[in-house]
Amino acid sequence: MPDKHDDDSLPTRGIYLLPNLLTTAGLFSGFYAVVSSMNGHFISAAVAIFIAMIFDGLDGRVARMTNTQSEFGAEYDSMADMVSFGIAPGLVAYNWALSSFGKFGWLAAFIYVACAALRLARFNTQVGVADKRYFQGLASPAAAGVIASLIWVGSEYQINGEEYGFIIGLVTIIAGLLMVSNFRYNSFKDVDWKGKVNFVFVLLIVLVFVVIASSPENILLLIFGVYACSGPFTTIRSVKKLKLEHVLGDDHDAEFRNEELNKSTETVEENTEAEVKDTK
């Protein structure tokens with residue numbers, strides 16, 4: 001009788017080290033951002049959130065490249081994202097600008113944190129179902145980027161956040177609501193990163209890095225601000241008539257696809273009619 005311990009077909013227990021190590025680094029960065037904001041080091045807190053984004057982008061790609069994906073890794077990554085892109089930005093914004101605004105201040109931060117949790121939960125239930133070309137709602141790292149870059153710019157120019165607390169609170173609430181909205185944001189997952197490009201394109205990439213390095217806080221605020229505003233624009237442009245379910249509500253990705261399918265069908269019909277006329 002064969003020993004069951006010698007059967008290679010049995011699933012092995014354990015946790016893949018490399019991807020979960022990167023996830024832990026992202027979790028540490030988010031926690032460090034909270035601690036830094038409690039000590040008044042808001043630039044360090046904002047930078048830590050951006051570092052968490054880098055680790056968040058690496059862990060999934062490394063797991064796929066090394067074939068070390070696991071359910072544990074997916075759940076752990078989601079928990080780390082909640083800390084780094086949900087709790088950390090909300091608390092950093094609260095410590096920088098909202099602490100003196102009473103209920104409005106902590107409620108604005110809570111709305112952001114709650115929306116981040118809802119966004120992550122909805123994303124986890126749509127894996128393998130939703131259109132990979134688009135995110136439904138603003139992704140939590142992008143929302144965190146809006147808050148972190150805003151705080152970085154304010155701290156860099158020595159702006160007292162509490163003097164603009166009401167505006168910061170509104171931005172925090174809007175960023176949270178965009179996460180749970182039905183606005184569609186380009187995921188850039190259809191970009192062919194393995195394809196060949198012209199030498200000039202590589203030169204442009206170098207110039208982009210130079211520009212970002214010259215004033216990272218301002219460039220990042222511009223990038224994430226424009227991206228946050230792109231969702232409503234993309235959604236309004238893709239539907240014939242904007243409805244409430246296109247903004248908030250349950251999952252209506254199918255309805256968006258139907259809108260696009262109808263547009264494609266109409267385009268094909270118009271082209272067919274034109275060809276028939278030309279033939280005649």
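Visitor: How many helices and strands does the protein chain have?
Guide: The protein chain has nine helices and two strands. Please keep in mind that this is a predicted model.

Visitor: And in what order do the elements run from the N terminus on?
Guide: Starting at the N terminus, the order is α-α-α-α-β-α-α-β-α-α-α.

Visitor: What share of the residues counts as buried?
Guide: Of the 280 residues in the protein chain, 38% count as buried. The accessible surface of the chain comes to about 17300 Å², and 66% of that surface belongs to carbon and sulfur atoms.

Visitor: What about contacts between residues that are apart in sequence?
Guide: Consider the contacts between residues at least 6 apart in sequence: 81% of them join residues at least 24 apart.

Visitor: Let us take an example, then. Where is Ser37?
Guide: Ser37 is located in helix H1, which covers residues 17-38.

Visitor: Is Ser37 buried or exposed, and why?
Guide: Ser37 is buried, because its relative accessible area is 3%.

Visitor: Which residues does Ser37 touch?
Guide: If residues up to four places away in sequence are not counted, Ser37 touches Phe42, Ala45, Leu91, Val92 and Asn95.

Visitor: Another one, please. Where is Ile147 found, and is it buried or exposed?
Guide: Ile147 is part of helix H5. With a relative accessible area of 3%, Ile147 is buried.

Visitor: What is Ile147 in contact with?
Guide: Apart from neighbours within four places in sequence, Ile147 is in contact with Pro89, Ala93, Tyr112, Val171, Thr172 and Ala175. Val92 and Ile147 are 55 residues apart in sequence, and their C-alpha atoms are 8.7 Å apart in space.

Visitor: Now the surface. Which residues make the nonpolar patch?
Guide: The patch has an area of about 1100 Å² and is made by Val197, Phe199, Val200, Phe201, Val202, Leu203, Leu204, Ile205, Val206, Leu207, Phe209 and Val210. One of these residues, Val200, is found in helix H7, residues 199-214.

Visitor: Why does Val200 count as partly exposed?
Guide: Val200 has 48% relative accessibility, and partly exposed means that the value lies between the buried limit of 20% and the exposed limit of 50%.

Visitor: Which residues gather in the patch of positive charge?
Guide: Arg61, Arg64, Lys132 and Lys189 gather there, on the surface. Lys189 sits in the loop between strand E2 (184-186) and H7. Lys189 is exposed, since its relative accessible area is 52%.

Visitor: One last topic: the backbone. What is phi for Asn67?
Guide: Phi of Asn67 is near 55 degrees, which is a positive value in a residue other than glycine. Most residues other than glycine have a negative phi.

Visitor: Where is Asn67?
Guide: Asn67 is in the loop between helix H2 (42-65) and helix H3 (71-98). Asn67 counts as exposed because its relative accessibility is 60%.

Visitor: And what about phi for Gln158?
Guide: Gln158, although not a glycine, has a positive phi of about 55 degrees. Gln158 lies in the loop between helix H5 (140-156) and helix H6 (165-179). At 74% relative accessibility, Gln158 counts as exposed.

Definitions and conventions
Residues numbered from 1 in each chain as written. Predicted model: local features only at pLDDT ≥ 70, side-chain atom pairs only at ≥ 80, totals over all residues. Heavy atoms only, no water. Patch = residues over 30% accessible without salt bridge, like charges linked within 9 Å, V, L, I, M, F, W, Y side chains within 5 Å. Areas by Shrake-Rupley, 256 points an atom, 1.4 Å probe, with all protein chains shown as cover. Salt bridge = Lys/Arg side-chain N within 4 Å of Asp/Glu carboxyl O. Helix = DSSP H or I, 4+ residues; strand = E, 2+ residues; numbered from the N terminus. Buried < 20%, exposed > 50% of the residue type's maximum accessible area, 1.4 Å probe, protein only. Contact = heavy atoms within 4.5 Å. Lys, Arg positive; Asp, Glu negative; His and termini not counted. Charge placed at Lys NZ, Arg CZ, Asp CG, Glu CD.
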